[in-house]
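Biologist: Please take a close look at a single residue for me. Then walk on to the aromatic rings.

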Amino acid sequence: MTPLLSRRTFLQGSAALGGAFALGAGLAARAGAAPEPQLLTAQLAKAQIAGDGVTPVITYGLGETTHAGMPPVLRMRKGEAYAARLMNRLDEPTTVHWHGLRIANAMDGVPEMTQPYVYPGDHFDYLFTPPDAGTFWYHPHCNTLTQMGHGLTGLIVVENPADPTFDAEIVLNLRDWRLGAGGKYIDPFKPRDAARGGTYGTVRTANWQQEPVYDAPAGGLVRVRIAATDVTRIYTIGLEGAEAKVVALDGNPVERPFLLDRLDIGPGQRVDLVMRMPDSEGARATLGNFRGSKPWTIASLRAGGPSLKRDLGDVAPLPGNPVARADLSTAKRIPLELTATAEHKAVPSVCGSLGYTFWALNKVPWPGDTPDPIAPIEELKLGKSYVLEIANRTPHAHPIHLHGLSFRILSSNKRSFLPPPTDTILLLPDEQAEVALVADNPGDWVIHCHIIEHQKTGMTGYFRII
């Protein structure tokens, strides 16, 4: 047996034991509590994305059968064990990262750091208990620009039995595709753009469709769960033809729901809206992206049936998640600078390299997915509080995502609204912000820009909690 297989077998066998001491794994570690795993198959398929041709895609399917559509919405329940077996039917290694879920480190899906690669024909078992309700998503952490760019992004809904019941629910997976004539892929990135804001797609979709229309009860209250799973695009969400309240951001409820005007969300971020549908049969509410000089439609909701005459004023705050508050009187402060770096050739990796290094954290560029990564940004002590002093020293925005933990934004020189606990902060150009967290989940936790070109060209690091 090869060392890699030995390590994989060890990680699979010890995941539940290690999880017993980590956040989000308690139920799964109890004897007899593990459920039957959901079979999640990474596979090649074909789909109609653009109007002028069939596109080869990469997707997830449930079970062994061929699946040609968007990866399924995975539904879990807060505080209940969930199990999945990833089967790799691709022609290259892959993994699954459960974006935003505060689960055991061995389940986090980062190759070489938390688990081995899942090679073609092999599988890996994930077992965890989501401690938080909300909207999350899942994607690979291997050859991400290609695998995600070709379709491998799906949404997760973690349900809370204490949540209110709405008249309908719509889940939207927002992403671009870099396609040319005949639905064929064009180069996934341009080095010139990767060294700036990133390379945008050419075909914009919601749930793999261009400007889809969904039916919802007239006059009803509809929960709309939105995730930006694109590898580059930052959205400015707005609504025409109806009103909506923002009830949650990045999986966590806002303290007081507020009317949606314009809201920026970057790659990796999520927003939950409660929309009050128009009263008239056939009337539409249009969700759009208002970033840039040419707004465009993301998706529309069409009213149907007699009006339910619901009142948006009845929307109350959702029940909160159990995110610990940092003790600011004892918190250690850690500087974290987002910087450009001198260009040089990147280190080759099983999970692929873009061949460039443009970006860095604290002036240190990430070398790639290797068995011996660079040193952690900082070693954190389990249970202690910390404040990250994040400074964006670049003229570009960076959605910075932290695995396995949630943090609170304490202050910023660029924003007045401070969101609820989050796992991703969209750092504006030249923004300086302070975020606080409790190091309550042991392991090595990656932090990176979720513009994938930035992540893969150096803007990645990790914290070690011991």
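Modeller: Start in strand β26, which spans residues 424–427 and holds leucine 427. Keep in mind that this model is predicted. Is leucine 427 buried or exposed? Its relative accessible area is 0%. Buried means under 20%, so leucine 427 counts as buried.

What does leucine 427 touch, beyond its neighbours within four places in sequence? Its contacts include Leu338, Ile390 and Asn392. His396, Ala397, His398 and Ile400 are also among them. Arg415 and Ala433 are in contact with leucine 427 too. Now take lysine 414. It sits 13 residues from leucine 427 in sequence. In space, the two C-alpha atoms are 8.9 Å apart.

Now the rings. The count comes to 11 aromatic pairs. One of these joins tryptophan 98 and tyrosine 138. Their ring centres are 6.1 Å apart, and their planes meet at 25°. Rings pair if their centres lie within 6.5 Å, and planes under 30 degrees apart count as stacked. That is why this pair is stacked. The pair links distant parts of the chain. Tryptophan 98 belongs to strand β5 (residues 97–99), tyrosine 138 to strand β7 (residues 134–139). They are 40 residues apart. Tryptophan 98 is buried, at 0% relative accessibility. Tyrosine 138 is buried as well, at 0%.

Next come tryptophan 177 and tryptophan 208. Their ring centres lie 5.0 Å apart, with the planes at 90°. Planes over 60 degrees apart count as edge-to-face, so this pair is edge-to-face. Here, too, distant parts of the chain are linked, 31 residues apart. Tryptophan 177 is in strand β9 (residues 168–177). Tryptophan 208 is in the loop between β10 (203–206) and β11 (213–217). Tryptophan 177 has 0% relative accessibility and counts as buried. Tryptophan 208 has 6% and counts as buried too.

Stay with tryptophan 177 for a moment. What sits over its ring? The charged end of arginine 175 does, 4.1 Å from the ring centre. Another arginine is placed over a ring elsewhere: arginine 262 lies over the face of phenylalanine 290. Its distance from that ring centre is 3.8 Å.

Last, go back to tryptophan 98 and tyrosine 138. Both belong to a cluster linked by ring pairs.

Note on methods: Residues numbered from 1 in each chain as written. Predicted model: local features only at pLDDT ≥ 70, side-chain atom pairs only at ≥ 80, totals over all residues. Heavy atoms only, no water. Phe/Tyr/Trp six-rings, centres within 6.5 Å; stacked < 30°, edge-to-face > 60°. Helix = DSSP H or I, 4+ residues; strand = E, 2+ residues; numbered from the N terminus. Buried < 20%, exposed > 50% of the residue type's maximum accessible area, 1.4 Å probe, protein only. Lys NZ or Arg CZ within 6 Å of the ring centre and 35° of its normal. Contact = heavy atoms within 4.5 Å.
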